[in-house]
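Student: I'd like a close look at one part of this model, please. Could you walk me through how a pair of its helices pack?

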Amino acid sequence: MSSEVQENGVPLSPEEKLECITRNLQETLGEEKLLGVLRERDLKVYWGTATTGKPHVAYFVPMSKIADFLRAGCEVTILFADLHAYLDNMKAPWELLALRTQYYEHAIKAMLGSIGVPLDKLTFIKGSEYQLSREFTLDVYRLTSLVTEHDAKKAGAEVVKQVDHPLLSGLLYPGLQALDEEYLKVDAQFGGVDQRKIFTFAEKYLPQLGYSKRIHLMNPMGKLTRSKVNI
């Protein structure tokens, strides 16, 4: 049975898919655009997590929302932000991060499988597979020529650990996450409402690079979304 059908076998309408995608979210930026996409095709959405530790029981919270996306027929990409994890004070060697991303993938598949979610439209990708490319690096430099220090600091205020002497990497982080939306070729990014400033940062600056503004789907606070980075 297709992942986007009701129990009685009737395909979901675009409006029903919209309800499934947005239920229990605290906020959606771009809901009209979202419905427009659903009237033409299935939504492409991604969720990212930095592989800085072990997945734990709190991961079931974003997984339950990702299950909704998959049931609504979305093409879901889970990004393992291994490069960001490496830059997290460089506490984990690349060899460990490679094994950790494999562990994350197995754990997430098991979580979703345990609640009966079809996985045929779920894909996984590591940030290092494209974030070290010539094209991505050039876009990082292009972005730094547009973004003010004020905007970069403001965007990361809720997700980058605040210290007395912040590192430059903390200012780069919002831009790197914004560029993920373009390089993953998605329509939407899913995260917590604590990511809102990064999402609005992306909405402001991606169009200045000639890229489209994406849809943003936000879970309430207190629900694990993208791991906080200590950079």
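Tutor: Happy to! Please keep in mind that this is a predicted model. Let's take helix H1 (residues 14-22) and helix H2 (residues 31-38), whose axes come within 9 Å and cross at roughly 130 degrees. Angles of 65 to 115 degrees count as roughly perpendicular and those over 145 as roughly antiparallel, so with its crossing angle H1 is oblique to H2. The handedness of this crossing is right-handed. On the H1 side, the contact is made by Pro 14, Glu 15, Lys 17, Leu 18, Ile 21 and Thr 22. H2 answers with Glu 31, Leu 34, Leu 35 and Leu 38. Sorted by class, the contact between H1 and H2 has 6 nonpolar, 1 polar and 3 charged residues.

For a second pair to set beside it, turn to helix H8 (residues 168-183) and helix H9 (residues 196-205). Their axes come within 9 Å and cross at roughly 65 degrees, and the crossing of H8 and H9 is right-handed. Here H8 brings Tyr 173, Pro 174, Gly 175, Gln 177, Ala 178 and Glu 181 to the contact, where they meet Ile 198, Phe 199, Phe 201 and Ala 202 of H9. By class, that contact has 7 nonpolar, 2 polar and 1 charged residues.

Terms used
Residues numbered from 1 in each chain as written. Predicted model: local features only at pLDDT ≥ 70, side-chain atom pairs only at ≥ 80, totals over all residues. Heavy atoms only, no water. Axes fitted to C-alpha atoms, helices over the stretch in contact; angles between N-to-C directions. Helix = DSSP H or I, 4+ residues; strand = E, 2+ residues; numbered from the N terminus. Left-handed = near helix turned anticlockwise from the far one by under 90°. Contact = heavy atoms within 4.5 Å. Nonpolar A, V, L, I, M, F, W, Y, C, P; charged D, E, K, R; others polar. Parallel < 35°, antiparallel > 145°, perpendicular 65-115°, else oblique.
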